[in-house]
Amino acid sequence: MSALLAVAGVGKDYAKVETRRGRVRLVWDLLRGRAAAQVFRALDGVDFELQRGASLGVIGENGAGKSTLLKIVAGVIEPTRGSVRVNGRVGALLELGSGFHPEYTGLANIELAAALLGLPPHEIEGKRDEIIAFADIGEHIRQPIKHYSSGMVVRLGFAVATVLKPDVLITDEVLAVGDESFQKKCIAWIERYLEDGGTLLLCSHSMYHIQKLCRVALWLRDGRTERYGPSTDVAQAYLAFHEEKDASARQPLAEAQARAAGVYAIQSLELAPGDRIAQGADLTLSGEVLSPDGRPPAVLVGIARADGTSVYGVATDMDRVVLDEMRGDRYAFSLTLLRLALLPGKYIVRVHALDPEAVRLFDHVERSFVVTGETREFGLVQLPHRWGR
Amino acid sequence: MSDSTSVAAGTASLVAAGSAGRRNRALLRNFFGREIHTRYLGSITGLAWALLHPLALLAVYHFVFTTIFRAGGFQGHSFLLFVAVALWPWLAAQEALQRATVSLAGYAGLIRKVAFPHELVVYASVAATLALQFAGYLAVLLVLALVGEPVRFEGLILAIPLWLVMALAVLGLSLGLAALQVFIRDVEQVLMPTLMILMYLTPILYPLALVPEYLRPWVAANPFGWLVGRLRDCLLDGRLGLEWGDAVALAGALALFFGGRWVFRRLSPQFEDFL
């Protein structure tokens with residue numbers, strides 16, 4: 001069986017227009033059937049296939065071209081290059097909640113969504129009650145959508161999608177809406193939709209959702225496919241990429257730069273014995289801080305798990321420690337964490353430079369380290385404990 | 001798989017050709033209903049205002065022209081009837097153009113997110129305005145007849161096709177203006193005074209015969225002036241014969257429509273980025 005959706009070599013250029021004159025110029029070019037003089041390449045050479053009943057996750061940073069790709073798939077915009085093929089019973093592709101008009105009531109929006117899918121009025125009649133029942137938002141259905149909470153909008157969107165059954169459901173960051181319990185419901189809805197043979201194109205920043213709901217994922221970076229494959233692999237590669245990127249972004253500030261900006265800046269950070277440390281060993285964090293005014297700065301050290309959960313933080317002023325001056329406005333710090341209680345896993349140490357009063361945070365530097373060990377305990381740290389009396 | 005659609009660069013719709021027509025009709029119906037509803041039925045005074053505004057204008061013009069200027073020579077008709085027959089189509093065309101020019105902005109959310117022919121928005125906007133204004137036109141003719149003005153209702157046989165020719169031309173202009181407005185926001189600003197000036201250059205409030213001889217060909221060349229003249233022919237004088245000018249006008253309206261649609265279709269793929 002051929003794919004329900006086949007995207008081949010798709011690219012999209014957006015006209016780059018800054019001035020009013022540029023707009024007039026663009027209109028003139030378009031009328032003559034020419035491409036815009038200056039373009040921004042939003043998407044280039046993207047390929048993927050989607051089988052009926054399959055689900056594809058699209059990930060990438062903001063501005064990577066995710067929304068552009070979804071719009072091309074939905075037919076909202078035409079690709080500048082390449083082709084999109086839709087096979088089989090060609091139905092509409094619906095972006096969840098997208099067809100909603102904020103001024104319309106819920107009921108009117110149901111009709112609009114049905115019309116967008118090409119349903120004649122007599123068919124809408126039967127479906128309306130079903131959608132209202134599914135959405136279950138009570139009297140709000142007679143209110144304009146703009147008065148809805150974002151959760152209610154999504155709920156109505158799911159109801160429309162569930163009952164009207166578009167061939168492909170496109171959702172762009174829907175799961176970022178609402179509280180945790182609502183998100184759980186959304187996921188349950190999507191899972192049921194997939195179980196019923198629905199086809200899903202999901203765009204999300206949450207790797208958890210991507211891995212849970214999609215078998216295959218596409219990672220877009222600067223408009224190009226960075227990786228395409230099983231969602232777990234792609235999601236892990238994406239997370240690893242971000243870890244590295246964050247780490248490289250937290251390198252020490254150059255001395256000249258720090259002096260010019262007049263900020264207290266961390267100049268170096270060393271981990272001893274290294275970035276791999278056995279559970280229960282001593283970990284020493286040391287380095288130098290630059291003080292632009294020659295007064296001894298304060299230093300705050302924080303430990304967090306790789307996902308950002310804070311574990312512990314302590315500053316020099318809390319322990320009434322004053323840093324030693326080294327040479328030329330540089331102060332040394334050294335902190336040893338005794339018999340490291342952290343359980344095996346990946347952690348981040350973050351050192352902040354503060355002013356001598358320990359009031360204002362300036363520069364910070366990050367390093368990641370791994371705690372090794374064989375243990376079946378859960379959590380972040382090993383708490384001193386005793387069983388029995 | 002028999003019915004597969006390929007969307008290469010150039011073609012837009014993902015909906016198969018057969019169901020596309022049905023879907024577009026459903027959409028147009030929906031947009032049209034929505035336009036009528038939000039414009040006139042949304043507020044209690046909305047519908048009344050649609051009729052009151054031209055009536056008030058008519059009353060003011062009547063006062064200024066017959067009481068203050070004591071103008072005469074309305075081809076043997078009362079000023080009220082003479083102006084009402086022409087003023088309504090003008091106000092209808094004006095309102096349709098003004099609303100349609102900015103209509104796409106109201107559907108920005110939809111245009112950015114859903115694939116559908118953007119023309120439908122303009123069609124619905126123009127259709128809603130003209131339908132309501134035509135209803136108002138009939139109502140006013142009826143009222144004028146009831147107060148004893150000699151309205152020739154058999155003239156509607158010609159007046160209705162004349163309105164349709166006007167609708168075609170207005171639709172074409174609206175398509176072009178609405179598309180341009182997306183890129184160049186000044187269109188809306190320029191349109192208003194332009195229409196105002198055009199109104200006074202069109203023999204709506206005065207007969208062509210009052211225009212000085214040397215200016216008359218210029219004023220007569222105004223297509224709207226032609227429409228107004230023809231409406232007076234049939235509704236005031238009961239002259240129902242067709243003229244060569246009618247064919248020229250129809251051809252002109254068709255050219256405007258297809259020209260406007262051409263401009264619209266050239267520009268519409270970029271709407272999503274500029275709305």
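**Core packing and helix contacts**

Leaving aside neighbours within four places in sequence, A:Leu201 is in contact (C-beta atoms, placed from the backbone, within 7 Å) with A:Leu50, A:Leu56, A:Val58, A:Leu70, A:Val73, A:Val168 and A:Ile170. The model is predicted, so local features need pLDDT of at least 70 and side-chain atom pairs count only at pLDDT 80 or more, while totals for chains, interfaces and linings use all residues. Residues are numbered from 1 along each chain as its sequence is written, and chains are lettered from A and ligands numbered from 1 in the order in which they are written.

A:Leu201 also belongs to the largest nonpolar core, where A:Val73, A:Leu201 and B:Val170 touch the most other members of the 143 residues. Such a core is a set of buried Ala, Val, Leu, Ile, Met, Phe, Trp, Tyr and Cys residues joined through C-beta atoms within 7 Å, and a residue is buried if 20 or more other C-beta atoms lie within 10 Å of its own. The most is given to this core by helix 7 of chain B (residues 156-183), with 19 residues. A second, separate core has 25 residues, among them A:Tyr264, A:Ile266, A:Leu290 and A:Phe369.

Turning to chain B, its secondary structure comprises twelve helices and one strand, taken as DSSP runs (H or I, at least four residues, for helices; E, at least two, for strands) numbered from the N terminus. Of its 275 residues, 39% count as buried. The C-alpha atoms of chain B fill a box of roughly 70 × 45 × 35 Å along the principal axes.

Two helix pairs of chain B illustrate the packing. Helix 7 and helix 8 of chain B pack at an angle of about 135°, with axes 7 Å apart; axes are lines fitted to C-alpha atoms over the stretch in contact, and angles run from 0 to 180 degrees between N-to-C directions. These two helices of chain B are therefore oblique to each other. B:Leu177, B:Leu180 and B:Gln181 of helix 7 meet B:Val187, B:Glu188 and B:Leu191 of helix 8.

Helix 3 (residues 79-101) and helix 8 (residues 186-201) of chain B pack at about 170°, with axes 10 Å apart. That makes helix 3 of chain B roughly antiparallel to helix 8 of chain B, a label for angles over 145 degrees, whereas under 35 counts as roughly parallel, 65 to 115 as roughly perpendicular and the rest as oblique. Residues making this contact include B:Trp90 and B:Leu97 of helix 3 and B:Leu191 and B:Met199 of helix 8.

Definitions and conventions. Buried ≥ 20, exposed ≤ 12 C-beta atoms within 10 Å, placed from the backbone. Contact = placed C-beta atoms within 7 Å.
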